[in-house]
Amino acid sequence: MTERKQIDPIEGKNSIIYIDDALERLRELPDESVQVCITSPPYYGMRDNQTATWEKGDPNCDHRPPPAISQLRNDTLQHGRRRADVHVMDNAGYECSKCGAVRAVDYQIGLEPGTPQYIERLSDVFREVYRVLKDDGVFWCVIGDVYSNNHHKGERPELPPKNLYGIPFKFATRLLKEDHKWFFRSDIIWHMYPANPNPAKDRCTSAHDHIFQFTKRKSYKYYQMVTAAKDMRDNAVANMRDVWYVQKDMSPSDYDFTVLPEAIVNPLILASSDESDTILDPFAGSSAVGKAALSLGRKYIGIELNENYARMGAAKLSKRSMSLAPFALTLNDAGKRRVLVYRQKDKMDEIEKLRLREALLIKKNRRLEKRVEKLEETTRDERRYANECGLQSGD
Ligand SMILES: C[S@@+](CC[C@H](N)C(=O)[O-])C[C@H]1O[C@@H](n2cnc3c(N)ncnc32)[C@H](O)[C@@H]1O
């Protein structure tokens, strides 16, 4: 590992973002100081978040970033820099093709040589999260699976290609071992759209992540999430189900990862905290959690290793805006607060219908265009024939 960089945190009103390694920084936070942790850890082996430092070479070079992880190995082999059986996931040793600088290992999580090491690092981080969480606190973790295809082509791959690693389950199982004391309360499926395109035709396209709910104790701060009950009497509500159909954040983004949408974060915050409570995200990325926390009147602590992401996130926080919160609002029911979550599914059904109608119109239009083309062609042929026969058009 390279030495831990010391960069001043970015402080705002009710918020602080540490530009740091999650584990190291968490160790410095006091016990039981946050109410809720909402985070999405880096996926395993999907991307390099550009947090490594470089040794030797030209200090003024912008260093050609390592290619996508899947290409990394081919590239290194082509250049004959590393042996064939070295895992592509090694975090260090890659040479900048422009100046020859050598990439040093960094604190980044997600580029470990195998999933056991990755899960172990996450486990270390969330052991600290347990300590800093209040006794009635809740930890929400958005986590997805990945395929083994591009990761390990070495002589002893962890899994042959075409296998899911089963990361969410390995992670949850790890957090249930004795050195953790979490309660694993629920597994919400975030059915996301649009799905990431994938050419595979021998399996379904992946379109979900898990949102795990862990708590420190058996009972905890929680305001029931409810949703409008369909086919029931007006204004009736039902307990929120654990499959959420939510669109990915589609706003143009400078980030390489999926930004958590408000439609996910807002209900989680409202369900597990009160105003002025502190919300923590140890893998803050674009500070989407921070943005939602502040606009809902909470405080925010973010930790992010990539300085650019941290600064871009902080800039978003400084622009105060009301939460759009279109899918969550609080209701009073006999004095008890509840969180009403609108179903995006209903909206989407409407949109699907419109799309279908549009597609039909386009099809109809095409058919008409074809008929016009055919008519024009026939007219041309007739004119040509008339000319050849010396007839005037209209004869
Ligand atoms: C999936 S992204 C988080 C996205 C975020 N939830 C959002 O909505 O914008 C994971 C983030 O973890 C950061 N990261 C990776 N390793 C880290 C570490 N050791 N400490 C802190 N942050 C780290 C990456 O730079 C990346 O920004």
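This report describes how helix α6 packs against helices α5 and α7 in a predicted model.

Residues are numbered from 1 along each chain as its sequence is written. Because the model is predicted, local features need pLDDT of at least 70, side-chain atom pairs count only at pLDDT 80 or more, and totals for chains, interfaces and linings use all residues.

Helices here are DSSP runs (H or I, at least four residues), numbered from the N terminus. Two packed helices are described by the angle between their axes and the distance between the axes. The axes are lines fitted to C-alpha atoms over the stretch in contact, and angles run from 0 to 180 degrees between N-to-C directions.

| Helix pair | Angle | Axis distance |
|---|---|---|
| α5 (residues 262-272) and α6 | about 50° | 10 Å |
| α6 (residues 288-295) and α7 (residues 307-318) | about 15° | 9 Å |

The crossing of α5 and α6 is right-handed, the near helix being turned clockwise from the far one by less than a right angle. Contact (C-beta atoms, placed from the backbone, within 7 Å) involves E262, V265, N266 and I269 of α5 and A288, V289, A292 and A293 of α6. These residues comprise six nonpolar, one polar and one charged, where Ala, Val, Leu, Ile, Met, Phe, Trp, Tyr, Cys and Pro count as nonpolar, Asp, Glu, Lys and Arg as charged, and the others, Gly among them, as polar.

For the other pair, the angle of about 15° makes α6 roughly parallel to α7, and their crossing is right-handed. G290, K291 and L294 of α6 meet G313, K316 and L317 of α7, a contact of two nonpolar, two polar and two charged residues.

Technical notes: Helix = DSSP H or I, 4+ residues; strand = E, 2+ residues; numbered from the N terminus. Parallel < 35°, antiparallel > 145°, perpendicular 65-115°, else oblique. Contact = placed C-beta atoms within 7 Å.
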